[in-house]
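Thanks for coming, everyone. Please look at the screen for a moment before I start.

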Amino acid sequence: MKGLQQYIFKNIAAIFIAAMFFSCTNDTKKVRDFLSDKNLPIAVAKDAYHVYKDSGKITSKLITPLLKDFTNKGHPYNEFPKGVKIITFENDGKDSTTITGNYALSYIRTKVSEIKGNVVVFNHTNKRRLETNQLFWDQREKYFFTEDGFRITSLKDTFSGFGFESKQDLSKWLLKDIQGEVEVQKEEI
């Protein structure tokens, strides 16, 4: 009798465990909706180092201590709450620009990023340096803009003001509400 009870108990336990395994399926959409409702990222990466390539050539590198992926949202984005460093490469790597900031949001669909807190953009070729507290970067158009205070320095000139636009390589500026000193060459008459 004791053997029969053990046999029945083992069968009931096996059926219960099998039922648990088959009932524990996760629907990806349900998981994404749950995470989205709770305002939780779908993924988190620590000490991320990502290399972007186009046609086998490195176009940029992204380095961050913390990346939160919110691609489960209606307007998907990545958040960099502990800062970001981005290095872009142009002209087969001969021209590069480094962008750093204390916090960043990068929107996937629009390819526009907002970088905040001690933002520095440095063009290694012409030694231009932009400093601001908030910068928007349109990655499709390769264009920077801000309505915040800024300071831009080159080997000869320094400008500061409120409102700045330029190409990603810090060329072709549009400066607003500026002050600074400019060195000009005297033309011969």
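A word on terms to begin: helices here are DSSP runs of at least four residues, strands are runs of at least two, and both are numbered from the N terminus. With that, read the chain from the N terminus: α-α-β-β-β-β-β-β-β-β-β-β-β-β. That is two helices and twelve strands.

Keep in mind that this is a predicted model. How confident is the predictor? The mean pLDDT of the chain is 82. Of its residues, 74% reach 70 or more. Where is confidence lowest, and where is it highest? It is lowest in helix α1, residues 2–23, with a mean of 56. It is highest in strand β7, residues 112–123, at 96. So please read helix α1 with that mean of 56 in mind.

Now the whole chain. It has 189 residues, and 31% of them are buried. The accessible surface comes to about 13100 Å². Carbon and sulfur atoms hold 54% of that surface. Next, contacts. Take those with a separation of 6 or more: 34% of them join residues 24 or more positions apart.

On to charges. Side chains of opposite charge can pair when their charged atoms come close. How many salt bridges are there in this model? The count is five.

Pair one is Glu-114 with Lys-116, at 3.8 Å from N to O. Glu-114 has 13% relative accessibility. The cut-off for buried is under 20%, so Glu-114 counts as buried. Lys-116 is at 35%, which makes this residue partly exposed.

Pair two is Glu-147 with Lys-176, at 2.9 Å from N to O. This pair links distant parts of the chain. Glu-147 is in strand β9, residues 143–153. Lys-176 is in the loop between β11 and β12. The two are 29 residues apart. Is Glu-147 buried or exposed? Glu-147 is exposed, with a relative accessible area of 56%. Lys-176 is partly exposed, at 28%.

Glu-165 is buried, with a relative accessible area of 18%. Which residues do the shared partners join into one network? They are Glu-147, Glu-165 and Lys-176.

Last topic: rings. The structure holds seven aromatic pairs. One of them is Phe-70 with Tyr-77. Their ring centres are 4.8 Å apart.

Another pair is Tyr-143 with Phe-145. Here the centres are 6.4 Å apart, with 35° between the planes. That makes this pair tilted. Tyr-143 is partly exposed, at 29% relative accessibility. Phe-145 is partly exposed too, at 31%.

Back to Phe-70 and Tyr-77 for a moment. Ring pairs link these two and Tyr-107 into a cluster.

To recap, please take two groups away with you. One is the salt-bridge network of Glu-147, Glu-165 and Lys-176. The other is the ring cluster of Phe-70, Tyr-77 and Tyr-107. Thank you.

Definitions and conventions. Residues numbered from 1 in each chain as written. Predicted model: local features only at pLDDT ≥ 70, side-chain atom pairs only at ≥ 80, totals over all residues. Heavy atoms only, no water. Buried < 20%, exposed > 50% of the residue type's maximum accessible area, 1.4 Å probe, protein only. Contact = heavy atoms within 4.5 Å. Areas by Shrake-Rupley, 256 points an atom, 1.4 Å probe, with all protein chains shown as cover. Salt bridge = Lys/Arg side-chain N within 4 Å of Asp/Glu carboxyl O. pLDDT = per-residue confidence, 0-100. Phe/Tyr/Trp six-rings, centres within 6.5 Å; stacked < 30°, edge-to-face > 60°.
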